[in-house]
Every structure is written in structure tokens, then in C-alpha cells.
Amino acid sequence: MKKRFLLLAALATHGWVQAQVGRAPAYPLITHDPYFSVWSTTDQLTSSPTKHWTGADQPLFGVLTVDGVNYRFLGQEAKGYDAIIPTADEEGYAVKYSESEPKSGWNTVNFSDSDWKTGKAPFSDDKNHEATHWDSKDLWTRRTFDLKQVPSEQVFLKLQHDDNIEVYLNGEKVYSHKGWIHKFNYIPLKSKLKAGKNVLAIHIANTAGGAFLDAGLVKEKVSKEKVIMQTAQQQNVEFSATQTKYTFACGKVDLDVTFTSPLLLNDLDLYARPVTYVTYRVKANDGASHQVNFYFGASTNLATNVPTQAVTATAASTNEYTALKTGTKEQPILKKRGDDLRIDWGYFYVAAPKNNQVVQTVSAMPSLKGQKSSISEGKSLFLNTTVNLGSVNSTPKEQYLMVAYDDVESIQYFGQNLKPWWKESGSTIEKELSKAILEYQSVIEKCETFDKQMFADAKKAGGEDYAKLCVLGYRQSAAAHKLVKSPKGETLYLSKENFSNGCINTVDVTYPSAPLFLLYKPELLKGMMNGIFEYSESGKWKKPFAAHDLGTYPLANDQVYGEDMPVEESGNMLILTGAIAKAEGNAAYARKHWKTLSTWAEYLLKDGFDPANQLCTDDFAGHLARNANLSVKAIVGLGCYAMLAEQLGEKETAEKFHKSTLEMVQKWMQIADDGDHYALTFDKKGTWSQKYNLVWDKVLGLKLFPKSVYDKEIKYYLTKQNSYGLPLDSRKTYTKSDWIVWTATLADNQKDFNALIEPLLKYAHETSSRVPISDWHETTDGKMVGFQARSVVGGYFMKLLEEKMK
């Protein structure tokens with residue numbers, strides 16, 4: 001038996017580098033941007049529905065039929081629901097309610113609620129919400145409804161609430177919970193429904209924070225197609241920077257399925273093409289021949305924010321391919337912004353080359369029949385693709401499908417809607433799919449070559465464990481951005497601050513992400529910075545330091561974060577501009593923005609060394625005055641400015657700032673000194689923190705801080721590690737994994753570097769938080785504290801960047 005969980009298993013036909021990684025927190029399947037991003041969150045591809053990175057189900061379903069026997073290899077048999085009484089996300093409804101405690105029997109059918117108020121659901125404390133405003137401590141609601149007959153299907157309570165709740169159906173308590181849930185839950189009920197009049201009655205208490213209530217009843221969709229299904233036996237899962245491959249035994253036939261998202265940063269046209277390949281390869285394992293069909297199903301939920309949105313589904317074939325296309329009926333282009341959201345405009349495609357024996361249908365549930373369907377609209381439909389592979393023997397047969405997304409318009413930038421990068425040249429999704437077919441073989445070869453070289457380079461720079469971390473971070477970081485062009489024709493590469501606050505183009509998210517893009521495409525780092533420069537240089541941002549963000553994804557119109565981070569963001573922009581100059585060998589980008597950079601440098605010279613009580617990128621840890629690590633950022637930022645001034649021939653400026661930074665370093669070493677390490681803040685001895693900002697001094701060769709500072713800190717850090725890594729600082733035991741890699745890069749030998757990296761890889765292997773890897777985790781138990789799927793894991797590439805910069 002092959003070992004189950006391999007990373008980059010060596011395949012003679014593909015030339016992948018062999019490395020055993022253990023388990024990943026989540027496995028990337030489709031990864032393009034913050035909206036088109038589907039993952040498997042279980043070790044077995046069949047153990048759960050596939051999900052958007054936010055955790056919302058976006059089901060993909062796969063079945064290989066061998067001699068009439070069905071083997072499920074992808075996803076779980078999808079669940080769907082039909083409303084009995086809808087929730088407000090499906091249809092508006094009114095209920096009777098009271099904010100004072102009612103008489104006994106209030107939850108029964110025959111209770112008289114004539115003196116209760118009538119309100120439109122949902123109930124919320126948010127005055128901007130289209131709902132009934134609720135700000136009292138307690139709320140009682142009654143919703144009566146008639147049924148002609150009791151459903152034979154399983155009935156569920158569909159519920160979202162904040163806070164403590166008790167739910168009654170026809171007078172009997174069917175659910176209670178202390179606390180809040182911010183997504184709809186489906187709670188199975190032992191049905192107490194009856195033909196005729198029924199009542200759903202609820203008591204909810206607002207104990208703290210927000211207030212919300214929306215509730216309904218649904219019944220489970222049951223497929224009319226009765227299919228006996230076995231589960232394929234998963235043998236391996238392997239993944240590289242751009243590919244994830246699964247191997248299954250389906251009875252007497254072996255199946256390989258590979259998901260390839262060609263996020264090649266050195267080829268922006270290919271990178272921006274929103275097409276993932278699903279390659280499948282079959283061969284008999286018993287020496288005989290077998291009749292084989294391949295089935296791939298995709299839910300229309302990939303094109304909705306919530307499953308209850310109405311969609312259309314149509315054929316969209318051309319001379320080169322057969323395809324199905326789906327999108328919402330509403331098409332609210334760039335109408336929503338926020339964190340826990342999925343795209344609900346544009347169109348999702350499933351396509352296959354015309355030379356395959358393909359039948360495509362649309363159905364309410366996954367359907368293997370391959371019979372034409374009349375369904376063209378509904379909710380949570382399935383796009384079905386069945387491929388007849390004919391007779392299969394020990395000679396492998398390989399084909400592929402494509403999944404794609406046309407988002408029509410991607411970003412709003414200072415009031416102007418921008419199309420995706422790939423549309424700038426006049427291309428269409430039809431042309432992109434046709435090019436994807438024409439270039440299939442060459443794209444796969446490019447991906448395999450890149451993946452192999454990236455792993456080899458990372459291994460050479462930091463060892464095998466380090467290389468595995470880089471593989472974990474690559475697609476996640478790249479897919480947390482959207483690539484567009486500004487109205488001026490400049491590159492814009494805009495991040496979404498995933499499950500942090502949903503901001504777009506956050507400077508202190510750009511900063512940790514930067515090493516990956518400096519390595520492979522500095523133009524993309526400029527694309528993260530161009531909008532921030534534009535914000536200041538247009539006069540829209542008038543403060544003498546850099547902005548924090550440009551808005552909430554996907555609307556980049558104005559900073560929305562409630563508090564500035566003056567030292568943090570100004571330092572970040574100066575350091576990254578210096579890093580671009582180092583990577584490109586010239587200071588042309590700095591020259592273009594010299595006036596703005598000079599304003600920020602003057603601010604840091606005045607206020608950066610001993611920071612006031614303000615936030616830094618680790619804002620989750622709270623405000624901190626006299627932050628020694630933030631002071632390092634200011635010093636290094638000013639050092640970069642001095643370096644740039646010298647490159648631009650500004651000798652007087654270069655001398656002034658270089659002298660100032662060296663004086664700051666000496667002062668810093670004196671007042672931050674705490675014996676065998678340097679303190680968290682200048683005024684609190686007996687504390688410590690990771691001084692990860694020092695890494696740029698080393699990587700860029702600024703030679704501001706003596707090597708003894710690095711050595712002293714590394715020696716101390718090695719005494720402070722827990723099972724799953726080095727804590728961020730002495731206040732808590734949680735950490736940030738990107739900063740650990742930066743801190744480890746300060747080490748001057750492989751042994752110390754490995755000692756800091758190994759617990760981090762252990763966290764990736766063992767965490768119980770099954771999400772695209774969280775960069776903020778607890779070092780004692782390996783659980784996610786917050787954040788997931790963020791671009792900052794591009795910071796894992798810092799050690800490799802150091803090697804390149806040498």
C-alpha cells in the first residue's frame with residue numbers, strides 16, 4: 001500500500017519532486033481569486049462537500065462508473081433544501097412579535113396574538129438592515145402557517161440567531177442554544193408538523209453585542225434518480241505549487257484526478273485566465289478491459305453568495321468545446337462588499353473539448369443519466385457532465401474538463417468599474433476557454449516545470465521542511481488577489497483581507513505577502529502599491545503618512561479601517577519600494593513616487609523611532625506604545641529611503657537619513673536591551689517579542705543593525721518555543737506563522753533555522769482547524785485563533801528571497 005499523504009510524489013511521467021508532507025489543513029482544487037476558490041477540507045476527497053475558502057459549501061461531485069458500478073471519488077452526495085416556510089434570504093415574510101413577556105401558551109397554535117405587533121423579518125439591531133429593528137433584551141415571535149399535507153421528507157429548522165434562543169413547533173420545544181450563530185444552520189427535526197394550522201414560535205435573548213433573528217422550515221430535496229453508489233478508495237493525495245492530484249482505486253480501474261490552476265506569476269496573461277483544468281486518467285488494474293464513464297458535477301452555488309439565490313443555467317458550446325453556463329438571475333455586479341461573501345454576478349462554466357464523448361445536462365440534484373433536461377432555472381441546481389471513455393484496459397486513457405469564471409467586472413476603483421485583466425485586450429471567456437484547450441499540454445508542462453524548480457530552490461535555500469511550507473503557501477497567497485489594470489493602464493494587484501475584515505489592498509497585508517511576488521514578479525508587488533500611491537498623489541488621502549487600505553473588497557474607493565497605522569504603513573511602503581529597487585537593480589519605481597516617499601520618510605524621521613500608542617500590523621494584539629519591533633520597521637524604512645536617495649543621486653538626502661538611521665540603531669540597542677534579549681517595548685523590561693522587521697535589514701543588505709542583534713534574539717527565541725511554534729511575543733501564546741519564517745531567516749545557520757521551522761510544519765500537519773492555512777494560530781494546541789486563506793502566507797518565501805537577494 002502506498003503511503004497516503006504525499007506532497008509532490010515523484011511521478012516518472014510528470015517529474016514531480018518527492019517529499020512526504022503529512023496532512024495539509026485544506027487542499028486547493030480551484031484557486032484563482034478571492035471569489036473563485038474551492039477547497040477540500042478533509043483528508044479524503046469524499047469525506048465532505050467541497051467548500052469556498054469561507055467555509056460555505058460549493059459542491060463538486062465526481063463518479064467513475066466501471067462496468068455499471070458507480071464509485072464516488074469527489075465530494076459528498078449533495079444536500080439541497082426546499083422551503084416549507086422561507087427565511088428572509090429567500091422571500092420576505094412577516095411575523096407577530098412581542099418585546100414584553102407574554103402569557104403562558106404563547107407558543108401554541110390557538111394562542112391569541114391579536115395584540116402583538118407585526119414585523120418584517122429578519123429582526124436586527126442594525127438600523128441599516130432591511131429588517132425590523134430590535135434593541136430590547138428579549139423578543140418573542142410567532143409565525144403561523146397552513147399545510148395541506150405533512151412532508152414525507154426530512155424536515156429541518158433553518159436558523160440564524162444572535163443570541164440565546166428557544167424554538168417551539170406547535171408548542172413543543174424543538175431547539176435551544178446559548179450563544180450566537182452567524183450563518184444559517186440546518187437542524188433536523190422529528191417532525192411535529194400537522195396538516196392544517198401550525199405555529200413556529202421563538203424566544204430569543206440579546207445578551208451581548210449584536211442582535212439578529214431569521215428562522216424558517218425546509219425539507220430535504222430527494223433525488224428522483226435512485227443510484228447505488230460505492231465510495232472509491234483514495235490511495236494518495238499529492239500537491240505542488242499549482243497542482244493537486246488524487247489517486248483512487250475504483251474496483252478494477254485506477255483513477256487519477258488532477259486539479260491544475262496555472263497561477264504562474266511570470267506569465268500574467270496565463271495567470272489571469274480564470275480556467276482550472278480537471279484532468280482524469282484511467283487504466284485497468286487487473287489486465288482486463290472494462291467499460292468506463294466519467295461523471296463530474298458542479299453546483300450552481302459556485303455562482304451565488306447564498307444557495308437560495310435564483311440562477312439560470314444554459315448551454316454555452318462553441319466549435320471547440322461543449323459547455324454549461326450558470327449565473328444568478330439578478331446579476332448584482334459589484335453591489336456587495338464584505339468579508340464572508342461569495343460572488344453572485346458573472347457566470348460559472350464547465351466545459352470539455354468537443355473531441356470527447358460528452359453529454360451535459362442540468363438537474364435539481366446530481367444526475368448520472370446523461371439524459372437531456374428541460375431545467376433552465378431554479379436554486380442550487382447541478383451542472384452535469386458525463387464522458388463515455390469506452391473500453392479501458394491497462395493502457396491509460398487521459399482527458400480533461402475545464403471550470404471557468406467570467407466575472408464581467410471585477411473591481412470598483414475610485415468609483416470606476418474595472419474589467420478583469422484578461423478582458424483588457426478584448427478577449428472573451430469563449431476565447432479564453434478555446435486558448436486553454438489549444439495550450440493545454442504546454443500549460444501543464446509549464447506548471448510541472450515551475451513546481452519542480454520552485455520546490456528545488458526552496459529546499460536548497462532552507463531545507464525540505466521549509467520547501468513544504470512554501471508549497472502550502474503558494475496558491476493560497478496568489479489566489480487571495482485580483483489582477484486588473486487601472487484607468488491609467490497601471491497594474492493593480494488587489495488583495496482581499498480574508499476573514500480578517502474584508503479590506504481591499506491593505507498595506508499591512510501587502511507587506512507580509514511581498515516575498516513571494518518579489519521573487520517571481522516584482523510588477524505584482526507594484527500592483528499592490530500603485531493604488532496606495534494613487535490615493536495620496538490624487539489628493540484623496542491628505543495625511544502625511546500612508547493609508548491603511550482602499551476600502552472593502554471589491555470596492556476600492558476610500559479607506560474604511562477605523563484607525564490609522566501611521567508608522568506601520570509608512571514603514572511598509574518605504575521598505576517595499578526599497579525591496580523593488582533591489583530586485584530590479586534600479587530605483588525607477590522610487591523616482592516615480594519620490595515626493596510621496598519623501599513625505600512619509602519625514603514623518604518617520606519625526607515620529608517613527610519611539611512610536612506612540614498605536615496599532616501595528618498585529619492589530620489583533622491591541623494598541624502598544626513604544627513598540628520596539630515597530631521602531632525597527634521605522635528605522636529600516638528610513639534606511640531604505642537613504643539607499644534609494646543614493647541610487648537617485650540625492651546625496652545630501654542620503655547622507656542625512658543614513659546618519660539618522662545609524663544613530664537610531666545605537667539608541668535602539670541601548671533602550672530596548674533587556675540582558676539576553678531585546679524587550680517588547682522600550683519601557684517594559686521582562687518582556688520580549690519577535691523582531692521580524694529586522695529581516696529586511698539582512699535581506700536587503702542595509703547593514704544598519706549589527707549581526708550581534710540577530711544572534712542575541714535567535715538564541716533567546718529558541719528558549720521560548722512551544723509545540724507548534726514560537727509565540728508572537730510575551731503577552732500571549734498565539735503566533736503568526738509568516739512572522740516565524742521571517743524571524744527564522746535571521747538565523748545564521750541551518751540548525752537554528754530548522755529548529756524554528758519544524759514546529760511550524762508540525763502545526764500545518766496536525767492542526768484541527770481544517771481551513772486554508774490560518775496564519776494566526778495557538779502554539780500550545782495548534783488551533784486557528786482567527787484568519788484563514790490569507791495572502792500573507794506569501795511571506796513564507798522570505799528565506800528563498802534572501803538567497804535570491806544575495
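Two strands pair if DSSP finds at least two bridges between them. Helices (H or I, at least four residues) and strands (E, at least two) are DSSP runs, numbered from the N terminus. The model is predicted: local features need pLDDT of at least 70, side-chain atom pairs count only at pLDDT 80 or more, and totals for chains, interfaces and linings use all residues. Residues are numbered from 1 along each chain as its sequence is written, and side-chain values use heavy atoms, with hydrogens and water left out.

**Exercise 1.** Find how many bridges join strand 4 to strand 23.

Solution. Take strand 4 at residues 60–66 and strand 23 at residues 290–299. The two run antiparallel and are joined by seven bridges.

**Exercise 2.** State the strand order of the open sheet and name its edges.

Solution. The six strands follow the order 18-5-4-23-29-27, with mixed pairing. Strand 18 (229–231) and strand 27 (358–363) each have a single partner strand, so one side of each lacks a neighbour in the sheet.

**Exercise 3.** Decide how helix 5 and helix 16 are oriented to each other.

Solution. Two packed helices are described by the angle between their axes and the distance between the axes. For helix 5 (residues 507–520) and helix 16 (residues 798–805) the angle is about 40 degrees and the axes, which are lines fitted to C-alpha atoms over the stretch in contact, with angles running from 0 to 180 degrees between N-to-C directions, are 9 Å apart. The pair is therefore oblique (under 35 degrees is roughly parallel, over 145 roughly antiparallel, 65 to 115 roughly perpendicular, the rest oblique).
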